[in-house]
Amino acid sequence: KEIIEPADKVYTIAHRGASGYAPENTLPAFQLAAQMKADSIELDVHLTKDLIPVVIHDETVNRTTDGKGYVKNMTLEQLRQLDAGSWFNQDFPMFARDLYIGVTIPTLDEVFDKLGSDINYVIEIKDPPPKYNIEEILNETIKNHHLEKLVAIHSFSAASLKRFHAINPDIPLYQLVWNDYAATRVTQSYLDTVKTYAVGISPNFQGISAAYVAQVKRAGLKIIPYTVNYQLNMDKAYSWGVDGVHTNYPDRFLEVIAVNRE
Ligand code: G3P
Ligand code: MG
């Protein structure tokens, strides 16, 4: 039986910020993650019509703001008018209104300005637009803030990650893997291909097992599953020797790590 060693450093990555407690991909969610002492914040990036990287998960503003429409069809000025906080915690609208009044979709620049070098960043390239070089724009933004050492990039798009790797091979990249494929795609040849441009994979937790984690680690890749929100699954992930997890509840995973290290 294989002996599973815990990774030297197990990362707690706040998925869309501490999004279990505050509206996802907003400054309050990122600041809360930093307060909780998460190692990193994960954030999703799209380009506006005027090619500014903004932090929002969906390609439209419909779910997480009071507006409607595609991010790529709106200018930053138009996006700034939208309320990105009030949708959160709709069961307690008064509570949410008081806490998140005036919360807007942040630009990547604003997140970097606010959080600076207090935390690490995992930036997700969402739906890379075919017409524009989002990888180049992101690399420039990271360099302008001198955050090269604190940033990792992940994406479901292998093409986008390969483009980023060609632009800047020093920033660590993680290949995101869908649940449907998680169990089947972890062949040695798949891992060998990923290794040519990435340092690790981030599969959906639902598709992995102890054996899966062991295989990825044997291949010399890191493994950071998403999105692990409940203690039972956090305990499992930790015991399988993952290098970290993406979670909406960073405080819970920090506790799991602390208990296991006692
Ligand atoms: O942390 C991984 C995760 O961000 C990928 O999925 O849809 O939450 O961006 P999604
Ligand atoms: Mg994401």
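Student: Is β5 largely enclosed or open?

Tutor: In this predicted model, β5 is largely enclosed by the rest of the structure, because five of its five residues are buried. Buried means that 20 or more other C-beta atoms lie within 10 Å of a residue's own; exposed means 12 or fewer, partly exposed is in between, and C-beta atoms are placed from the backbone. Strands are DSSP runs of E with at least two residues, helices are runs of H or I with at least four, and both are numbered from the N terminus.

Student: Before we go on, how are residues numbered, and what pLDDT do local features need?

Tutor: Residues count from 1 along each chain as its sequence is written, while chains are lettered from A and ligands numbered from 1 in the order in which they are written. As this is a predicted model, local features need pLDDT of at least 70 and side-chain atom pairs count only at pLDDT 80 or more, whereas totals for chains, interfaces and linings use all residues.

Student: Back to β5. Which residues sit on which side?

Tutor: V151, I153 and S155 are on one side, with A152 and H154 on the other, and all are buried.

Student: Which strands does β5 pair with?

Tutor: β4 and β5 pair in the parallel sense over four bridges, and three bridges join β5 to β6, also parallel. Pairing here requires that DSSP finds at least two bridges between the strands. I153 is the bridge partner of I123, and in β6 the bridge partner of I153 is L173.

Student: And β6, buried or exposed?

Tutor: β6 is mostly covered, with five of its five residues buried. L173, Q175 and V177 point one way, Y174 and L176 the other.

Student: What about H154, what does it touch?

Tutor: H154 is in strand β5 and counts as buried because it has 26 C-beta neighbours inside 10 Å. Leaving out residues up to four places away in sequence, H154 touches V122, E124, L173, Y174, L176 and S202. Contact means that two C-beta atoms, placed from the backbone, lie within 7 Å.

Student: Switching to the ligand: what surrounds ligand 1?

Tutor: Ligand 1 is surrounded by H15, E42, D44, H57, E124, L176, S202, Y226, T227 and H246. The cut-off is a C-beta atom, placed from the backbone, within 6 Å of the molecule.

Student: How many of those are polar, and how many charged?

Tutor: The shell has five polar, three charged and two nonpolar residues. In that scheme Ala, Val, Leu, Ile, Met, Phe, Trp, Tyr, Cys and Pro are nonpolar, Asp, Glu, Lys and Arg are charged, and the others, Gly among them, are polar.

Student: How many residues has the largest nonpolar core?

Tutor: That core has 69 residues, and those with the most contacts inside it are A33, V55, V111, I123, I153, L173 and V245. Helix α1 (residues 27-35) gives the most to this core, with five residues. A nonpolar core is a set of buried Ala, Val, Leu, Ile, Met, Phe, Trp, Tyr and Cys residues joined through C-beta atoms within 7 Å. In soluble globular proteins, nonpolar side chains tend to be buried together.

Student: What does I123 touch?

Tutor: Not counting residues up to four places away in sequence, I123 touches L43, V45, L138, V151 and I153.

Student: Where is L27, and what is it in contact with?

Tutor: L27 is in helix α1 and is buried, with 21 other C-beta atoms within 10 Å. Leaving aside neighbours within four places in sequence, L27 is in contact with P106, V111 and K114.

Student: Now α6. Which of its residues are buried?

Tutor: In α6 (residues 158-167), S160, L161 and F164 are buried. They cover an arc of only 100 degrees around the axis, which puts them on the same side of α6; the arc is that of the directions from the helix axis to the C-beta atoms. The buried residues pack against β4 (120-125), α5 (134-144), β5 (151-155) and β6 (173-177). The face turned away from the buried side carries the exposed residues A159 and A166.

Student: Last one: what is the phi of N25, and of K37?

Tutor: N25 has a positive phi of about 55 degrees although it is not a glycine, and K37 has a positive phi of about 75 degrees, again without being a glycine. Most residues other than glycine have a negative phi. N25 lies in the loop between β1 (11-15) and α1 and counts as buried, with 27 C-beta neighbours inside 10 Å. K37 is in the loop between α1 and β2 (40-47) and counts as exposed, with 11 C-beta neighbours inside 10 Å.
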